[in-house]
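Below are numbered notes on the model, for checking against the coordinates.

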Amino acid sequence: MLARETGRDARTVPVRPELVVEVAFDGLQRSPCCPAGLALRYARVVRYPPDKSAAEADTVFSVRELTTAEGL
């Protein structure tokens, strides 16, 4: 991931959107501390799907739609 790094601050390390990562999580909640405004509970990387390009991956916007659907 460090090779894809585009910047860094005290809390985040932005990276170029080149690698798709499948993430599993147990819960989703709003968080004013996180840059995206959301926190994934017990998040873990499941796999790196070789058949999916970065253009096909879900974004933080689609995850935010989950919060709307779940009433968060």
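1. The model is predicted. Glu22 is partly exposed, its relative accessible area being 32%. The partner of Glu22 is Arg47, and their salt bridge has its closest N and O atoms 2.7 Å apart. Arg47 is likewise in the partly exposed class, with a relative accessible area of 39%. Because Glu22 belongs to strand β1 and Arg47 to strand β4, the pair ties together parts that are 25 residues apart in sequence.

2. A network is also present: Arg4, Arg16 and Glu18 are joined into one by salt bridges that share partners. Within this group, the side chains of Arg16 and Glu18 meet at 2.8 Å, N to O. Glu18 has a relative accessible area of 43% and is partly exposed. Arg16 counts as partly exposed too, at 35% relative accessibility.

3. Glu5 and Arg8 form a further salt bridge, with 2.9 Å between the closest N and O atoms. Here the two partners fall into separate classes: Glu5 is partly exposed, with a relative accessible area of 26%, whereas Arg8 counts as exposed at 55% relative accessibility. The cut-off that puts Arg8 in the exposed class is over 50%. In total, the structure holds 5 salt bridges. As background, side chains of opposite charge can pair when their charged atoms come close.

4. The surface carries a nonpolar patch formed by Met1, Val13, Val15, Leu19, Val21, Val23, Phe25, Leu40, Val45, Tyr48 and Leu66. Together these residues have about 880 Å² of accessible area. One of them, Phe25, sits in the loop between β1 and β2 (27–30). Phe25 is partly exposed, with a relative accessible area of 33%.

5. Which residue has a positive phi although it is not a glycine? It is Tyr42, with a phi of about 55 degrees. Most residues other than glycine have a negative phi. Tyr42 is placed in the loop between β3 and β4 (44–47). At 57% relative accessibility, Tyr42 counts as exposed.

6. The largest pocket holds about 1,400 Å³ of space. It is lined by 32 residues, and those closest to its centre are Val21, Val23, Leu40, Asp58 and Val60. Val21, Val23 and Leu40 also belong to the nonpolar surface patch.

7. The largest share comes from α1, with 4 residues.

8. Val20 lies in the segment before β1. Is Val20 buried or exposed? Val20 counts as buried, at 9% relative accessibility, since the buried class takes residues under 20%. Val20 and Ala55 are 35 residues apart in sequence, and their C-alpha atoms are 9.1 Å apart in space.

Key: Residues are numbered from 1 along each chain as its sequence is written. This is a predicted model: local features need pLDDT of at least 70, side-chain atom pairs count only at pLDDT 80 or more; totals for chains, interfaces and linings use all residues. Side-chain values use heavy atoms; hydrogens and water are left out. On a 1 Å grid over the protein atoms alone, a cavity is a set of points where a 1.4 Å probe fits but cannot get out, and a pocket is an open set with protein on both sides within 12 Å along at least five of seven lines; lining residues have an atom within 4 Å of a point. Grid points are joined across faces, edges and corners, and a volume is the space filled by probe spheres set on the points. Helices (H or I, at least four residues) and strands (E, at least two) are DSSP runs, numbered from the N terminus. Buried means under 20% relative accessible area, exposed over 50%, partly exposed in between (1.4 Å probe, protein chains only). Patches are made of residues with over 30% relative accessible area and no salt bridge: like charges are joined within 9 Å, nonpolar side chains (Val, Leu, Ile, Met, Phe, Trp, Tyr) within 5 Å. Accessible areas come from the Shrake-Rupley method with a 1.4 Å probe; for residues, only the protein chains shown count as cover. A salt bridge is a side-chain nitrogen of Lys or Arg within 4 Å of a carboxyl oxygen of Asp or Glu.
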